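I opened the notebook today to write down what I looked up in this structure, one entry at a time, in the order in which I went through it.

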Amino acid sequence: MKESEIKKQWEEIEKINKKEQVKILKGAEVNILDDGTLDYEDELLKKLDVVLIAVHSGFKSSKTKMTKRILKALDNNYVNILAHPTGRKIFQREGYKADFDEIFKKCKQKKVAVEINSDPIRLDINDRMILRAKQIQVKFSMGTDAHTQSSLENIKYGVGQARRGWLEKNDVINTLSYKQLIKFLKK
Ligand SMILES: [Zn+2]
């Protein structure tokens, strides 16, 4: 989305938040560029309630380069969630190589939640990595990656995945109250 488009979206969100009982957060999934910088400026990021970051390119990079790239992106103070952390798509492509212990440690240090992406093609991260990240004491964010209303139901696959990784309520930021969630997001 261009900056002008996202600002239009914010106006819509503000209208709904005034009128309705639900609260919609202003958020975006932002690309981690090749050099580890993000494709929105900090000026824009700081106005968002929730910032997800993700790799969508350069999957064939070396493990060292990919690790450095993601660690650098996690250093940005406006980042809240690392989305679909390995990039794998089941039966379509392997995830990229990176040192995920280092990445999860950085997530913990920077209070960034690790996404469990519930799209049945992704299920990213997998159960063993979930358990590993839990041992490093990161928080998790359950996401559907929904591009349509019907795929919101995919959350059940993510919940199954989280259970296979031994997660409990306290590990998952989706279980927080609105107030607690905002506190987590503001770091
Ligand atoms: Zn994505």
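Predicted model: local features only at pLDDT ≥ 70, side-chain atom pairs only at ≥ 80, totals over all residues.

The entries below go from the sheet to the helices, then to the core, and end with a few single residues.

**Entry 1**

I then looked up how the strands are arranged, and I found an open sheet of 5 strands in the order S1-S2-S3-S4-S5, with parallel pairing. Which strands stand at the edges? I noted strand S1 (27-31) and strand S5 (140-143), each of which has a single partner strand, so that one side of each is left without a neighbour in the sheet.

**Entry 1: how the strands are joined**

I went along the sheet pair by pair. S1 and S2 run parallel and are joined by 5 bridges, and within this pair I saw Val30 standing opposite Ile53 of S2. Strand S2 (residues 50-54) is in turn joined to strand S3 (residues 81-82) by 2 bridges, again with the two strands running parallel. Here I wrote down two partners: Leu52 has Ile81 in S3 as its bridge partner, while Ile53 stands opposite Leu82 in S3. Between S3 and S4 I counted 2 bridges, and these strands also run parallel; the bridge partner of Ile81 in S4 is Ala113.

**Entry 2: two covered strands**

How many residues of S2 are buried? I found that 5 of the 5 are, so S2 is largely enclosed by the rest of the structure. I also checked which way the residues point: Val50, Leu52 and Ala54 point one way from the strand, Val51 and Ile53 point the other way, and all are buried. S4 is mostly covered, with 5 of its 5 residues buried. On one side of S4 I listed Ala113, Glu115 and Asn117, and on the other Val114 and Ile116, so both faces are covered because all of these residues are buried, with 20 or more other C-beta atoms lying within 10 Å of their own.

**Entry 3: a pair of helices**

I turned to helix H3 (residues 63-74) and helix H4 (residues 100-109), whose axes come within 10 Å and cross at roughly 5 degrees. That makes H3 roughly parallel to H4. Which residues meet where these helices come together? From H3 I noted Thr67, Ile70, Leu71 and Leu74, and from H4 I noted Glu102, Ile103, Lys106 and Cys107. The residues of this contact divide into 5 nonpolar, 1 polar and 2 charged.

**Entry 4: the core**

I looked next at the largest nonpolar core, which has 36 residues, and the members that touch the most other members are Leu52, Ile53, Ile70, Leu82, Cys107 and Val114. The elements that give two or more residues to this core are S2, H3, S3, H4, S4 and H5, and the largest share, 5 residues, comes from S2.

I then found His84, which is not a glycine but has a positive phi of about 20 degrees; His84 is placed in the loop between S3 and H4. Is His84 buried or exposed? It counts as buried, because it has 23 C-beta neighbours inside 10 Å.

Leu123 also has a positive phi, of about 40 degrees, although it is not a glycine. I located Leu123 in the loop between S4 and H5, and it counts as buried because of its 21 C-beta neighbours inside 10 Å. A cis peptide bond joins Asp124 and Ile125, with omega about 15 degrees, and Ile125 is found in the loop between strand S4 (113-117) and helix H5 (127-135).

**Entry 5: Asn31**

Leaving aside its neighbours within four places in sequence, Asn31 is in contact with Leu38, Asp39, Ala54 and His56. I also wrote down that the C-alpha atoms of Asn31 and Ala73 are separated by 9.5 Å, although these residues are 42 residues apart along the chain.

How values were computed: Residues numbered from 1 in each chain as written. Axes fitted to C-alpha atoms, helices over the stretch in contact; angles between N-to-C directions. Helix = DSSP H or I, 4+ residues; strand = E, 2+ residues; numbered from the N terminus. Parallel < 35°, antiparallel > 145°, perpendicular 65-115°, else oblique. Contact = placed C-beta atoms within 7 Å. Nonpolar A, V, L, I, M, F, W, Y, C, P; charged D, E, K, R; others polar. Pairing = 2+ DSSP bridges. Buried ≥ 20, exposed ≤ 12 C-beta atoms within 10 Å, placed from the backbone. Core = buried A, V, L, I, M, F, W, Y, C linked by C-beta atoms within 7 Å.
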